[in-house]
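Here is a brief report on one protein model. Take a look at the sequence and the structure before reading on.

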Amino acid sequence: LFEQTRLLLARSWREVTRNKGANAIKVVQQVSTALIYGGIYTFSDSQSSIQDRLGLCSLVAIGNTNLALASTIRAFPKEKSIVMNDRSKSLYGAIPYFFSKVLAEAPISAALSCLFGGILYPLVGFQPSLDKLG
């Protein structure tokens, strides 16, 4: 089980890093979305600002979830025939395949989320000091 996951992780990582065009599009998408949200939302200390903050946090959570799901959904049709062929030969199970895909995409997703947050956080006027982040 561990060996299957390790081999599938290596293959998945190659696929993720090889697709430089899609990764560049994701970077542009995150930067532009952060700039748009930053242009729409600016916060003060009023009651409506608290509601706006909650709305922004919900919007960001939903958007990041959709981004992660969309990349997985777009990749699935391309990989389906390969995976079905490999599974018919009993080369690996569904669990090692799933874990390898998640582990391979996690660093890219985390980096994109950090980029997005790093741009959005100061634009909307959240607490500027680093000790407020923790």
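## Model

This is a predicted model. Every value below is computed from it.

## The largest pocket

The largest pocket holds about 860 Å³ of space. Its lining has 31 residues, and Lys26, Ser71, Thr72, Ala75 and Glu105 are the closest to its centre.

Four helices take part in the lining: α1 (2–18), α2 (20–40), α3 (47–88) and α4 (94–124) each give at least two residues. Helix α3 has the largest share, with twelve residues. By class, 15 lining residues are nonpolar, nine are polar and seven are charged.

## Salt bridges within one helix

The structure has four salt bridges. One of them joins the side chains of Arg6 and Glu3, with an N to O distance of 2.5 Å. Both residues sit in helix α1, and because they are three residues apart there, about one helical turn separates them. Arg6 has a relative accessible area of 43%, so Arg6 counts as partly exposed. Glu3 reaches 41% and is partly exposed too.

Glu105 and Lys101 form another salt bridge, at 3.9 Å from N to O. The cut-off for a salt bridge is 4 Å. Both residues belong to helix α4, where they are four residues apart, about one turn of the helix. Glu105 and Lys101 are both buried. Glu105 is also among the residues closest to the centre of the largest pocket. A network of salt bridges links Glu15, Lys101 and Glu105.

Are the two partners buried or exposed? Asp86 has a relative accessible area of 11%, which is under the 20% limit, so Asp86 is buried. Arg11 stands at 23% relative accessibility and therefore counts as partly exposed.

## A nonpolar surface patch

Which residues form the nonpolar patch on the surface? They are Ile95, Phe98, Phe99, Val102 and Leu103. Together these residues have about 500 Å² of accessible area.

Ile95 is part of helix α4. Its relative accessibility is 54%, so Ile95 counts as exposed. The limit for that class is over 50%.

## An exposed proline

Where is Pro77 placed? Pro77 lies in helix α3. Its relative accessible area is 56%, so Pro77 is exposed. Pro77 and Ser44 are 33 residues apart along the chain, and 46 Å separates their C-alpha atoms.

## Summary

Helices α1, α2, α3 and α4 each contribute to the lining of the largest pocket, with the largest share from α3.

Conventions. Residues are numbered from 1 along each chain as its sequence is written. This is a predicted model: local features need pLDDT of at least 70, side-chain atom pairs count only at pLDDT 80 or more; totals for chains, interfaces and linings use all residues. Side-chain values use heavy atoms; hydrogens and water are left out. On a 1 Å grid over the protein atoms alone, a cavity is a set of points where a 1.4 Å probe fits but cannot get out, and a pocket is an open set with protein on both sides within 12 Å along at least five of seven lines; lining residues have an atom within 4 Å of a point. Grid points are joined across faces, edges and corners, and a volume is the space filled by probe spheres set on the points. Ala, Val, Leu, Ile, Met, Phe, Trp, Tyr, Cys and Pro count as nonpolar, Asp, Glu, Lys and Arg as charged, and the others, Gly among them, as polar. Patches are made of residues with over 30% relative accessible area and no salt bridge: like charges are joined within 9 Å, nonpolar side chains (Val, Leu, Ile, Met, Phe, Trp, Tyr) within 5 Å. Accessible areas come from the Shrake-Rupley method with a 1.4 Å probe; for residues, only the protein chains shown count as cover. Buried means under 20% relative accessible area, exposed over 50%, partly exposed in between (1.4 Å probe, protein chains only).
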